[in-house]
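Colleague: I'm new to this one and would like to learn how to read it. Could you walk me through a few features?

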Amino acid sequence: MGVLIFLGENVFEKEFARESIFIDRDAISPHYLPEKLPFREKQIEEISKLLGVALHGKRPDNLFVYGPTGVGKTATVKHVMQQLQDFAKEKNSKIISTYINCRNHNSKYRAMIKCVNDFYPNNYFVGYSASFVHDKVLDFVRGNEGTLVVVLDEIDKVKDLDDLVYALTRANDELQKGAISIIGISNNLMFKERLDPRTKSSLCEQELVFAPYNASELKAILEQRIAIAFKPNSVENSAINIAAAFAAKESGDARTAVMLLQRAGELAEKNGLQKITDEEVKKAKSKVEEEVILNMVSALPEQEQLVLYAISALTLRKKGIRKITGSADEGALYSGDVYEEYATLAKHFKAEAVTARWYREYINELEMYGLILTTASGAGIRGNTTLIKLGFDAEKIKQVLEKELMQGS
């Protein structure tokens, strides 16, 4: 005979009844797109002027948008594109747009498949030849007799970027009706230098650089989000100041500031508090620092990821450098050893290893991001070379990069 077990109230009853300091948790998420973008009015105006010619049937210049992570590049472009689509619909202007996250669609074929899937949602084109997919994109533009604006976010993530950019720009030579323009978004100011000369010559592009936010701008951005995300008077002013100052010091990254308050809010709620104070922000700081670093590593272009992977792998394998005096410099690596490891890894991941000159550029960029430290070899080391040290936990960096590089291969 079975035993009847009385479980009492539903286990979620307590959670449902719990008081929350959040009104709209999504509004304090890094992925939230606000209706107004403070301190980006100038950039909105510049992008609008460039794209405005499409309303009169002319093809806009291609645009490349640069700037560090979290400075509003994607949010600004998406905001302008939505405004353009709404206005074009109102005025019966023939403008089409598609947004492609190149981290997820990291080849010419995948990007073009994303286009046709957006244009023909009732069809399925995976498995069709690249030329067929390319022609379907052009057929769609011809059929609409309008301007197609292709937004390529994290454009430097595309493995065969030359082929993709060249195909999209040269497609205009095949179009008697309609046109295609590109908006490329990148954290890397130098990525365009790696394009083939014939691709660069076909671009006819404009450039727009986004500067990092300062502390006062970040505070205003946080206050805008707090008004939507939290109950009134649930975040102390000093806590906002700390979050803004920390993000400004790191890189002027609004996403870092937002993440910090989001984590502080979750911590306060977990402890049954009705207000976020300095203490919650300070406790959330170490967790957010790690998230920011790992997000930055994930967003790096493939070649820089390979160099950083080489540094993290060697750091875990080697015990540092032994000096002539017998003492050890823990964690230090010879630049030449890193380059050899990088070349081996590039071959493993079916990427073409760059020259020593470009390798040095990547090292400089990784140091600029604060991910590594470099010093000239000094006393106690034979020869004259550069020593490289990883700035963060080698195992965590390596794990993130393995996932990214395996996903892209």
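Colleague: Which residue in β4 is the bridge partner of valine 65?

Modeller: Strands count as paired if DSSP finds at least two bridges between them. Here valine 65 has isoleucine 185 of β4 as its bridge partner. Strand β1 (residues 62-66) and β4 (residues 179-186) run parallel, joined by 4 bridges. On β5 (residues 205-209), also parallel to β1, there are 5 bridges, and asparagine 62 faces glutamate 205 there. Helices (H or I, at least four residues) and strands (E, at least two) are DSSP runs numbered from the N terminus.

Colleague: What should I know about the model itself?

Modeller: It's predicted, with local features needing pLDDT of at least 70 and side-chain atom pairs 80 or more, while totals for chains, interfaces and linings use all residues. Residues are numbered from 1 along each chain as its sequence is written, and side-chain values use heavy atoms, leaving out hydrogens and water.

Colleague: Which way do the side chains of β1 point?

Modeller: In a regular strand they alternate between the two faces of the sheet. In β1, Asn62, Phe64 and Tyr66 go one way, Leu63 and Val65 the other, and all are buried. Buried means under 20% relative accessible area, exposed over 50%, partly exposed in between (1.4 Å probe, protein chains only).

Colleague: How many disulfides are there?

Modeller: A disulfide needs two cysteine sulfur atoms within 2.5 Å, and the count is 0. Cysteine 102 is in none, with the nearest cysteine sulfur, on cysteine 115, 9.7 Å away. Cysteine 102 is buried at 0% relative accessibility, and cysteine 115 is buried at 1%.
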